[in-house]
Amino acid sequence: MIKCSPLFSVPFIEIEVKEDTNELKGCTDILPSYFDDTSFEETDKTLRVLERYPNTKNILLNYFNEVAYTRFRYKEKFDISTSWITKTIKGNQSDMHLHRNSFYSAVYYFDEYDEDSASLEFRNPLSKFSSYYLMPLEHNQINSSSVHIKPRSKLLLFFPSYMEHRVLEHKGSTDRYSLAFNLVPTGRYGSVDSTFDTSWIDC
């Protein structure tokens, strides 16, 4: 008998949002593909989109807090630090990247999509620990170097912020919109000399 288990798996969460979040479709503040870090006023406006949509923010945040407690078994509460909307036009794609200064990240597909809408690619974070390049007869969760997620309306994805990802080339005739956001723990967490409390920060 052979038993093969993903001993340290990457928690990747997919949720079908049931609540109404159509208010996001009216948002006109889109994060540019490249923006100037010195233009703080503009980036602050486009990097905290959900602050203007508190109802949708609470819906999405409640989903993560539920997952954090019921699946991860964390007692801490989490909050959304940054949030932004991206627009991908036909022929465009994004570079592979990850999100710093956050615990978990998320993508929410609030618009309408079709078969030509670009997929979101995630790179296996364990691949960098191997110096061998082998081609399997077929790909599965154990041997895949990447995974592609096709967008669909009301799909919410949660993934560790260290996971590298990118939007593949968009071939659809209509622009592809999505909401991304980052999550961080709040309150007191850790223990002993690794203890931190967000209330200690002078705001």
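# Leu 156 and its surroundings

Student: Which residues does Leu 156 touch, leaving out those up to four places away in sequence?

Tutor: In this predicted model, Leu 156 touches Ile 13, Glu 14, Ile 15, Val 17, Leu 60, Tyr 63, Ala 106, Val 107, Tyr 108 and Phe 181. Here a contact needs heavy atoms within 4.5 Å.

Student: What makes Leu 156 stand out in the largest nonpolar core?

Tutor: That core has 28 residues, and Leu 156, Phe 158, Leu 179 and Phe 181 touch the most other members. Two or more residues each come from strand 1 (13-16), helix 2 (54-70), strand 2 (77-88), strand 3 (104-109), strand 6 (155-160) and strand 8 (176-186). Helix 2 gives the largest share, 7 residues. Another core, of 12 residues, lies apart from this one and includes Tyr 109, Leu 120, Ile 149 and Leu 155.

Student: What makes strand 3 "mostly covered"?

Tutor: Of its 6 residues, 6 are buried. From strand 3, Tyr 104, Ala 106 and Tyr 108 point one way, while Ser 105, Val 107 and Tyr 109 point the other way, and all are buried. In a regular strand, side chains alternate between the two faces of the sheet.

Student: How do you know that strand 3 pairs with strand 6?

Tutor: Pairing takes at least two bridges, and strand 3 and strand 6 have 6 in the antiparallel sense, so they count as paired. One example is Tyr 108, whose bridge partner in strand 6 is Leu 156.

Student: And what makes strand 3 and strand 8 a pair?

Tutor: The cut-off is again at least two bridges. Strand 3 and strand 8 run antiparallel and are joined by 5, so they pair too. Ser 105 has Asn 182 as its bridge partner in strand 8.

Student: Why is the link between Asp 29 and Arg 52 called a salt bridge?

Tutor: Their side chains meet at 2.6 Å, N to O. The limit is within 4 Å, so the pair qualifies. Asp 29 sits in the loop between strand 1 and helix 1 (40-46), and Arg 52 in the loop between helix 1 and helix 2, 23 residues apart, so the pair links distant parts of the chain.

Student: Why is Asp 29 called buried?

Tutor: Its relative accessible area is 15%, and buried means under 20%, so Asp 29 is buried. Arg 52, at 38%, is partly exposed.

Student: How do you know that Lys 75 and Glu 76 form a salt bridge?

Tutor: Their closest N and O atoms are 3.4 Å apart, which is within 4 Å and therefore meets the definition. Lys 75 is exposed, at 70% relative accessibility, whereas Glu 76 is buried, at 16%. Elsewhere, salt bridges that share partners join Arg 48, Glu 51, Lys 57 and Asp 79 into one network. A search of the whole structure finds 10 salt bridges.

Student: How many disulfides are there?

Tutor: The structure holds 0.

Student: What makes Cys 4 exposed or buried?

Tutor: Exposed means over 50%, and Cys 4 has a relative accessible area of 54%, so Cys 4 is exposed. Cys 27 has 10%, so that residue is buried.

How values were computed: Residues numbered from 1 in each chain as written. Predicted model: local features only at pLDDT ≥ 70, side-chain atom pairs only at ≥ 80, totals over all residues. Heavy atoms only, no water. Core = buried A, V, L, I, M, F, W, Y, C linked by side-chain atoms within 4.5 Å. Buried < 20%, exposed > 50% of the residue type's maximum accessible area, 1.4 Å probe, protein only. Helix = DSSP H or I, 4+ residues; strand = E, 2+ residues; numbered from the N terminus. Disulfide = S-S within 2.5 Å.
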